[in-house]
Amino acid sequence: MDETPLDLAHAAMEAGDDTARLRFYDRLVDAELFMLLASESSGDLIEPQTVLVESESYVLIFDLIDRLAEFKRSISPFAAMSGRAIINLLARQGIGIGLNLGVAPSSFLLPPSAVKWLSETLASRPEETAERLQELRPPQSVPPALLSALDAKLALATGLARGVYLAGVDYDHGRHGHLMAFVDARPGTEAALAQAVSEALIFSGAESAPIDVAFFAGADPIVARLDRVGLRLDFSEQKQAERRRSAPGMNPDQPPKLR
């Protein structure tokens, strides 16, 4: 079986530093995962299969359905959910995550305290400010880890905007920094896109190099300036395949609840 993105991120974490650990958490948050259930779901109620490790409860999570089947060795009920949804669900219950236990190189225990920290991190929201742009310039000294994290987040947001640029920026009161400018963002997606940039900063370890986020219509004259000096990031509008909505946890508008 080929290595999965979580396998690779886990191996890098084992051999790396705090930045590699954050990248692993980022992959976990954005992955589609499979939670082993103790019984068939009832409506939006699910009962996860748990194990006790040193008096703390862990749910059993797998990044491939084949790995869940290998672990259980029988047909078993499961819920397909994003890592983000699982983390937010378990944090309220004080439960940890047992990832790919015994069936993959990314076998890993994420204790309840770490699940709570991740949930709190995901709950943080960017601050809104009102500043006047004075000058746009090419981006400079952007950490490669941050560019990689931004690419990964934008890949998950395919189709939410027509384009996106990263540029250096000077404001009228003397502050300098970088600007992530989304062009023709789909109405109602602004908060999600700003949150994606915020998470890229957090999980790349580049919080000391903040990036401002702005939204412009394609007809705005500033877009031509961004096209001249900014770095245009890959933000293909190719429509993503629709995910199945029948399994518990697959509809983000109706998250499951624990029994």
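**Entry 1: Leu99**

I started at Leu99 and left aside its neighbours within four places in sequence. Leu99 is then in contact with Leu6, Phe24, Leu28, Ile61, Ser106, Ser107 and Phe108. I note here that I am working with a predicted model.

**Entry 2: the cores**

Next I looked up the largest nonpolar core. It holds 33 residues. I asked which members touch the most other members. They are Phe24, Ile61, Ile86, Ile97, Leu99, Leu110 and Phe203. Phe24 and Ile61 were already on my list of contacts of Leu99.

I then found a second, separate core, with 20 residues. Among them are Leu146, Ala149, Val164 and Val197.

**Entry 3: Leu60**

I moved to Leu60. This residue sits in strand β4, which runs over residues 56-62. Is Leu60 buried or exposed? Its relative accessible area is 2%. The cut-off for buried is under 20%, so Leu60 counts as buried.

I listed what Leu60 touches, not counting residues up to four places away in sequence. The list is Phe34, Met35, Leu36, Gln49, Val51, Phe71, Gly98 and Leu101.

I also checked Leu60 against Leu109. They are 49 residues apart along the chain. Their C-alpha atoms are separated by 9.6 Å.

**Entry 4: the second largest pocket**

I turned to the second largest pocket. About 870 Å³ of space lies in it. Its lining has 28 residues. Which of them are closest to its centre? I get Pro126, Glu127, Glu128, Asp212 and Val213.

I sorted the lining by residue type. It divides into 16 nonpolar, four polar and eight charged residues.

Helix α7 covers 190-203. Strand β11, at 211-216, also supplies at least two residues of the lining. Asp212 and Val213, from the list around the pocket centre, have numbers that fall in the β11 range.

**Entry 5: the whole chain**

Last, I took the totals. The chain has 259 residues, and 46% of them count as buried. I count eight helices and 13 strands.

I looked at contacts between residues at least 6 apart in sequence. Of these, 74% join residues at least 24 apart.

For the surface, I note that the chain exposes about 13600 Å². Carbon and sulfur atoms supply 50% of that area.

Definitions and conventions: Residues are numbered from 1 along each chain as its sequence is written. This is a predicted model: local features need pLDDT of at least 70, side-chain atom pairs count only at pLDDT 80 or more; totals for chains, interfaces and linings use all residues. Side-chain values use heavy atoms; hydrogens and water are left out. A nonpolar core is a set of buried Ala, Val, Leu, Ile, Met, Phe, Trp, Tyr and Cys residues joined through side-chain atoms within 4.5 Å. Buried means under 20% relative accessible area, exposed over 50%, partly exposed in between (1.4 Å probe, protein chains only). Contact means heavy atoms within 4.5 Å. On a 1 Å grid over the protein atoms alone, a cavity is a set of points where a 1.4 Å probe fits but cannot get out, and a pocket is an open set with protein on both sides within 12 Å along at least five of seven lines; lining residues have an atom within 4 Å of a point. Grid points are joined across faces, edges and corners, and a volume is the space filled by probe spheres set on the points. Helices (H or I, at least four residues) and strands (E, at least two) are DSSP runs, numbered from the N terminus. Ala, Val, Leu, Ile, Met, Phe, Trp, Tyr, Cys and Pro count as nonpolar, Asp, Glu, Lys and Arg as charged, and the others, Gly among them, as polar. Accessible areas come from the Shrake-Rupley method with a 1.4 Å probe; for residues, only the protein chains shown count as cover.
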